[in-house]
Protein chains: 2
Amino acid sequence: MEKLKDLLRSNDLKATHQRIAILECIDKFGHINIDAIYDYICEKYPTMSKATVYRNINELLSYDIIEEIKLPHKNKKYEIKKVPHIHLLCKRCSKVEDLFLETKPFFNSITSHTGFKIDHSFIVIDGTCRACQQS
Amino acid sequence: MEKLKDLLRSNDLKATHQRIAILECIDKFGHINIDAIYDYICEKYPTMSKATVYRNINELLSYDIIEEIKLPHKNKKYEIKKVPHIHLLCKRCSKVEDLFLETKPFFNSITSHTGFKIDHSFIVIDGTCRACQQS
DNA sequence: AATATATTAGATAATATTTATTATTATCTA
DNA sequence: TAGATAATAATAAATATTATCTAATATATT
């Protein structure tokens, strides 16, 4: 909570209740979309405007505080910015799992085949998570 | 052209001018978004309705004739369905390049780490293409 | 080739998603 | 705590996508 305030202030963003609530919400759920953020926060702050969610999501994105995940056949989700990683999307339970995996060999192979200079990768794997396979 | 008609008919879709034009357009440009498809086809068929583009894109998607590519910070693009591959998105020229690369070792590593059963992968690499690096 | 039929296109309304505007309110610095 | 500034809520506007409905078209059948 104080940590979130500091995070905002260190980016010259005022630590408003709405922003803190948005960050807490994203942090709590791990990966969440706009509507779910809005619905969740409206419980506590019924006067919250959806435009405020959109405005702040864009603000937080531009300061690299959060990241956008584009998922196949789904709305965009957001997460707290972490080190680069892979997303595993379960078609059964719809949960998104983070996977921190060494990608250097894979990326080296891409560069050596194409000469492409890599900045970022956006990797989403679609399938069935371990839990859902067992149920 | 006849090949496209057959492709449509073999999926019980009537080979209308609009559908053929959409497929030809996607094929010609490789990777293209809705607006660009619409603008391009309007040159030939000025009465073409945008709803027709949307309707047919969804139709063609559902029959696995084309595929949707979600790109970071960009509109969705569409391509003719191919074998699974990777997309390289150049931040400089905005072109999308297909890369057919062996991903099995990488996927095996994901499965062995997580137990996740993989169906599809959506991999977009952001960076600078070889041509743009040299200019 | 003409006709019957079911499908599709076009026009447009409806819905969904996102952004901009503006008066009011909250945050933060001194 | 007051003042300067930035952020919010409410709402309108813009953009993107889908649904509806009638006329037109593609195709199979004669």
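Over the ring of which residue does the charged end of A:Lys28 sit? The charged end of A:Lys28 sits over the ring of A:Phe29. The legends below describe close-up views of a predicted model.

**Figure 1. A lysine charge over a phenylalanine ring in chain A and in chain B.** In chain A, the charged end of Lys28 lies 5.6 Å from the centre of the ring of A:Phe29. In chain B, the charged end of B:Lys28 sits over the ring of B:Phe29, and here the distance to the ring centre is 5.7 Å.

**Figure 2. The fold of chain A.** Chain A contains 6 helices and 5 strands. Starting at the N terminus, the order of the elements is α-α-α-α-β-β-β-β-α-β-α. The C-alpha trace of chain A spans about 50 × 40 × 25 Å along its principal axes. Chain A has 135 residues, and 41% of them count as buried. Among the contacts in chain A with a separation of 6 or more, 42% come from residues 24 or more positions apart.

**Figure 3. The interface of chain A and chain B.** Chain A gives 37 residues to the contact, and chain B gives 37 residues. The size of an interface is often stated as the accessible area that is lost when the parts come together. Between chain A and chain B the buried area is about 3,200 Å², and carbon and sulfur atoms give 64% of it. On the side of chain A, the residues that lose the most area to chain B are A:Phe106, A:Phe116 and A:Phe122, together 21% of what that side buries. The interface also holds 2 salt bridges. In a salt bridge between the side chains of B:Lys91 and A:Asp119, the distance from N to O is 2.5 Å.

Figure 4. Over all chains, the structure has 5 aromatic pairs. The ring centres of A:Phe106 and B:Phe106 are 4.4 Å apart and their planes are at 5°, so this pair counts as stacked. A:Phe106 and B:Phe106 are both buried. Ring pairs join A:Phe106, A:Phe107, B:Phe106 and B:Phe107 into a cluster.

**Figure 5. A hairpin in chain B, formed by strands S3 and S4.** Strand S3 (residues 86–90) and strand S4 (residues 96–99) of chain B run antiparallel and are joined by 4 bridges. B:His87 stands opposite B:Asp98, which is in S4(B). In a regular strand, side chains alternate between the two faces of the sheet. The hairpin has 5 residues between the strands, and B:Ser94 takes a positive phi near 65°.

**Figure 6. B:Arg130 and its contacts with chain A.** B:Arg130 is located in helix H6 (residues 130–133) of chain B. B:Arg130 counts as partly exposed because its relative accessibility is 45%, and the cut-offs for this class are 20% and 50%. B:Arg130 and B:Cys90 are 40 residues apart along the chain, and their C-alpha atoms are separated by 9.1 Å. Neighbours within four places in sequence aside, B:Arg130 is in contact with A:His113, A:Thr114 and A:Gly115.

**Figure 7. Positive phi at A:His73 and at B:Asp64.** Most residues other than glycine have a negative phi. A:His73 is not a glycine, yet its phi is positive, about 60°. A:His73 lies in the loop between strand S1 (66–69) and strand S2 (77–80) of chain A. Is A:His73 buried or exposed? The relative accessible area of A:His73 is 69%, so A:His73 is exposed. B:Asp64, a residue other than glycine, also has a positive phi, near 60°. The loop that holds B:Asp64 runs between helix H4 (50–62) and strand S1 (66–69) of chain B. With 47% relative accessibility, B:Asp64 counts as partly exposed.

Technical notes:
Residues are numbered from 1 along each chain as its sequence is written. Chains are lettered from A and ligands numbered from 1 in the order in which they are written. This is a predicted model: local features need pLDDT of at least 70, side-chain atom pairs count only at pLDDT 80 or more; totals for chains, interfaces and linings use all residues. Side-chain values use heavy atoms; hydrogens and water are left out. Two strands pair if DSSP finds at least two bridges between them. Helices (H or I, at least four residues) and strands (E, at least two) are DSSP runs, numbered from the N terminus. Rings of Phe, Tyr and Trp (its six-membered ring) pair if their centres lie within 6.5 Å; planes under 30 degrees apart count as stacked, over 60 as edge-to-face and the rest as tilted. Buried means under 20% relative accessible area, exposed over 50%, partly exposed in between (1.4 Å probe, protein chains only). A charge sits over a ring if NZ of Lys or CZ of Arg is within 6 Å of the ring centre and within 35 degrees of the ring normal. Contact means heavy atoms within 4.5 Å. Buried area is the accessible area (1.4 Å probe) that two parts lose on being put together, summed over both. A salt bridge is a side-chain nitrogen of Lys or Arg within 4 Å of a carboxyl oxygen of Asp or Glu.
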